[in-house]
Every structure is written in structure tokens, then in C-alpha cells.
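Please read it alongside the sequence and the structure shown here.

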Amino acid sequence: MLQQNEMRVRFNSLQFAIGQAAQACSAERNLPGELRSCIQKLDKQSDAMVGLMAGSDGERIQRMLDDMAVLGKRAKTVCGSGLPVSGQLKSAVNQVHGELCYFRECLN
């Protein structure tokens, strides 16, 4: 299990990546609805996770990360499906997916 300050570093990286994806998502006009929904849900779950990080409930953090990983994987799949998505958004989604995978790996 990660130490508390290591978890904060991982979480801050994840939050930053999600913020970048949300920003890129806002700039897109013809964005697939499913992708927009995934990013919005990730952003909301990231906000909800702030309270979990303060309480250091490892089991709940793991469950939240698992749920977020499903959304991150789905967003990555949508980006790779050939639908019109900017390179900036694809990059941001890939970063979110990578951060989620790494954070979950570090917790195990």
C-alpha cells in the first residue's frame, strides 16, 4: 500500500490529467456524447475522491479507482474508434487512462 503522501502525489497527477481532459472536452464541438459523458463522470468522481483521500480509506479508494478505470478505458476506446476527436483530446484521454492504471497498480 502506498504511503499517504505518495497517494496524494498519484491522486494529484490523476486530477490534473482529468482536468486536462475535461478542458479539451469543453473545446470540442462535435464530440461523441459517450466520450463527453465519460469525461464528465470522471471529473465528478475525481471531485468525490478528494474526501476519500483525506480519510485514507484504502478499500473505498480502490473501489472508486476501479470504477474510474472502467470509464477511462471506455473513453480511450471511444477515442480509438475512428470518430472525429482532436489529437489533444485523444492525448488527454490516454493520459487519464495511464494515470488511472498506474495509480491502481501502485495500490496493489
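**Burial and helix packing**

1. Ile61 has 0% relative accessibility and therefore counts as buried (under 20% relative accessible area with a 1.4 Å probe, protein chains only; exposed is over 50%, partly exposed in between). Ile61 lies in helix H3. Between Ile61 and Arg104 the sequence separation is 43 residues, while their C-alpha atoms are 9.5 Å apart in space.

2. The model is predicted: local features need pLDDT of at least 70 and side-chain atom pairs count only at pLDDT 80 or more, whereas totals for chains, interfaces and linings use all residues. Residues are numbered from 1 along each chain as its sequence is written, and side-chain values use heavy atoms, with hydrogens and water left out.

3. Helix H1 covers residues 4–27; its 24 residues should span 34 Å at 1.5 Å a residue, and the end C-alpha atoms are 35 Å apart, which agrees. The expected span is 1.5 Å times one less than the number of residues. Helices are DSSP runs (H or I, at least four residues), numbered from the N terminus.

4. Buried residues of H1 include Met7, Phe11, Leu14, Ile18 and Cys25, and Arg10 is also among them. The cover over the buried residues of H1 includes H2, H3 and helix H4 (87–107).

5. The axes of H1 and H4 come within 8 Å and cross at roughly 160°. H1 is therefore roughly antiparallel to H4 (an angle over 145 degrees). Axes are lines fitted to C-alpha atoms over the stretch in contact, with angles from 0 to 180 degrees between N-to-C directions. The crossing of H1 and H4 is left-handed (the near helix is turned anticlockwise from the far one by less than a right angle).

6. In the contact of H1 with H4 (heavy atoms within 4.5 Å), the H1 residues include Phe11, Leu14 and Ile18, and those of H4 include Val96, Leu100 and Phe103. The residues of this contact divide into 16 nonpolar, four polar and two charged. Ala, Val, Leu, Ile, Met, Phe, Trp, Tyr, Cys and Pro count as nonpolar, Asp, Glu, Lys and Arg as charged, and the others, Gly among them, as polar.

7. Helices H2 (residues 33–55) and H3 (residues 58–79) have axes that come within 9 Å and cross at roughly 160°. H2 is therefore roughly antiparallel to H3, and their crossing is left-handed. Ile61 of H3 is among the residues making this contact, as are Leu35 and Leu42 of H2. The contact of H2 with H3 comprises 16 nonpolar, three polar and five charged residues.

Notes. Helix = DSSP H or I, 4+ residues; strand = E, 2+ residues; numbered from the N terminus. Parallel < 35°, antiparallel > 145°, perpendicular 65-115°, else oblique.
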